[in-house]
Amino acid sequence: MQEEQLASTSPDGHCGKKYPNFFNAPERIVFPAPEAGDVDTQEFLRAVEDYVKFYQSFGVLFKMIIQDALGQLEAMRKVFAEHTTESKTLRRLLKAEKQRGESNAALQLLWLARGLRFYSTLLELMYDNARLPADQRKELSVIASTAYNNTLCQHHGFFTRNTIKLAYKTMPYHATINQRLWYGPEDVDELVLYSDAMAYRGSLPDVIHAIHAMYEELNLDTSSRAP
């Protein structure tokens with residue numbers, strides 16, 4: 001069912017022949033749609049683990065992002081395992097943790113949500129880029145830099161910002177990443193590829209919005225910054 005959904009739904013509504021790629025692979029796990037402004041914790045954590053695999057297409061370049069996300073995921077899973085009954089949804093998890101006088105899960109989820117916002121923005125910009133005439137398309141380093149400046153940059157200090165900006169200068173060519181994400185024998189069709197990316201992204205923007213709303217509702221600290 002999930003594979004069928006990913007294969008047939010896209011912003012441009014492309015359908016018919018399925019072109020195998022990272023985003024419509026049957027093992028992909030989409031983020032659960034929020035219900036009444038809340039998100040199922042276990043489904044969310046499963047989707048987070050899957051989204052990290054996208055960055056593995058970039059080789060060692062995104063090693064820091066992968067390590068951070070996996071560390072945040074492990075910390076969230078630990079809290080969920082220790083307090084499963086009161087952590088069925090993200091709001092319940094955050095509320096229960098606050099009542100215990102703790103804040104580790106809230107901090108980890110805050111940074112996860114920030115990383116997911118970068119990821120969501122990156123996919124959207126890659127899709128927008130694919131819609132341009134071939135001779136007007138930007139390189140991945142430019143797209144990633146724009147996504148970073150619009151999302152994570154505001155939460156990073158001088159050291160982290162400059163480390164990331166240097167990393168973007170060593171990014172693979174856009175065509176190289178496209179080829180890694182495209183599994184079929186046909187030539188890469190960027191519009192098909194990133195239409196599937198948008199379908200895979202699915203409810204993620206709504207999930208991010210719901211998480212931020214939880215922090216406001218519960219009056220949780222969102223001031224954490226990287227050095």
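These questions and answers walk through a predicted model of one protein.

Visitor: What is the mean pLDDT of the protein?

Guide: The model is predicted, so confidence comes first. A pLDDT of 70 or more is reached by 93% of the residues. The mean pLDDT of the protein is 91.

Visitor: Over which residues is the pLDDT below 50?

Guide: Where pLDDT is low, the predicted coordinates should not be read in detail. Residues 1–5 stay under 50, with seven contacts beyond four places in sequence.

Visitor: Which helix gives the most to the lining of the largest pocket?

Guide: The volume of the largest pocket is about 300 Å³. At least two lining residues come from each of α2 (41–55), α3 (63–82), α5 (104–130) and α7 (158–168). Five residues come from the top contributor, which is α3.

Visitor: Which residues lie nearest the centre of the largest pocket?

Guide: The lining has 17 residues. By class, twelve are nonpolar, four polar and one charged. Nearest the centre lie D68, Q72, W111, L152 and H156.

Visitor: Which residues of the largest nonpolar core touch the most other members?

Guide: This core holds 66 residues. Its largest share, 14 residues, comes from α5. Those touching the most other members are F23, F44, Y51 and F54.

Visitor: Which residues does F54 touch, not counting those up to four places away in sequence?

Guide: F54 is one of the core residues that touch the most other members. Its contacts beyond four places in sequence include F23, another of that group.

Visitor: Is A36, with its positive phi, buried or exposed?

Guide: Phi of A36 is near 55°, and A36 is not a glycine. A36 sits in the loop between α1 (2–8) and α2. Its relative accessible area is 78%, and the cut-off is over 50%, so A36 is exposed.

Visitor: Where is N219, and is N219 buried or exposed?

Guide: N219 also has a positive phi, near 55°, in a residue other than glycine. N219 is found in the segment after α10 (204–217). With a relative accessible area of 65%, over the 50% cut-off, N219 is therefore exposed.

Key
Residues are numbered from 1 along each chain as its sequence is written. This is a predicted model: local features need pLDDT of at least 70, side-chain atom pairs count only at pLDDT 80 or more; totals for chains, interfaces and linings use all residues. Side-chain values use heavy atoms; hydrogens and water are left out. pLDDT is the predictor's confidence in each residue, from 0 to 100. Contact means heavy atoms within 4.5 Å. On a 1 Å grid over the protein atoms alone, a cavity is a set of points where a 1.4 Å probe fits but cannot get out, and a pocket is an open set with protein on both sides within 12 Å along at least five of seven lines; lining residues have an atom within 4 Å of a point. Grid points are joined across faces, edges and corners, and a volume is the space filled by probe spheres set on the points. Helices (H or I, at least four residues) and strands (E, at least two) are DSSP runs, numbered from the N terminus. Ala, Val, Leu, Ile, Met, Phe, Trp, Tyr, Cys and Pro count as nonpolar, Asp, Glu, Lys and Arg as charged, and the others, Gly among them, as polar. Buried means under 20% relative accessible area, exposed over 50%, partly exposed in between (1.4 Å probe, protein chains only). A nonpolar core is a set of buried Ala, Val, Leu, Ile, Met, Phe, Trp, Tyr and Cys residues joined through side-chain atoms within 4.5 Å.
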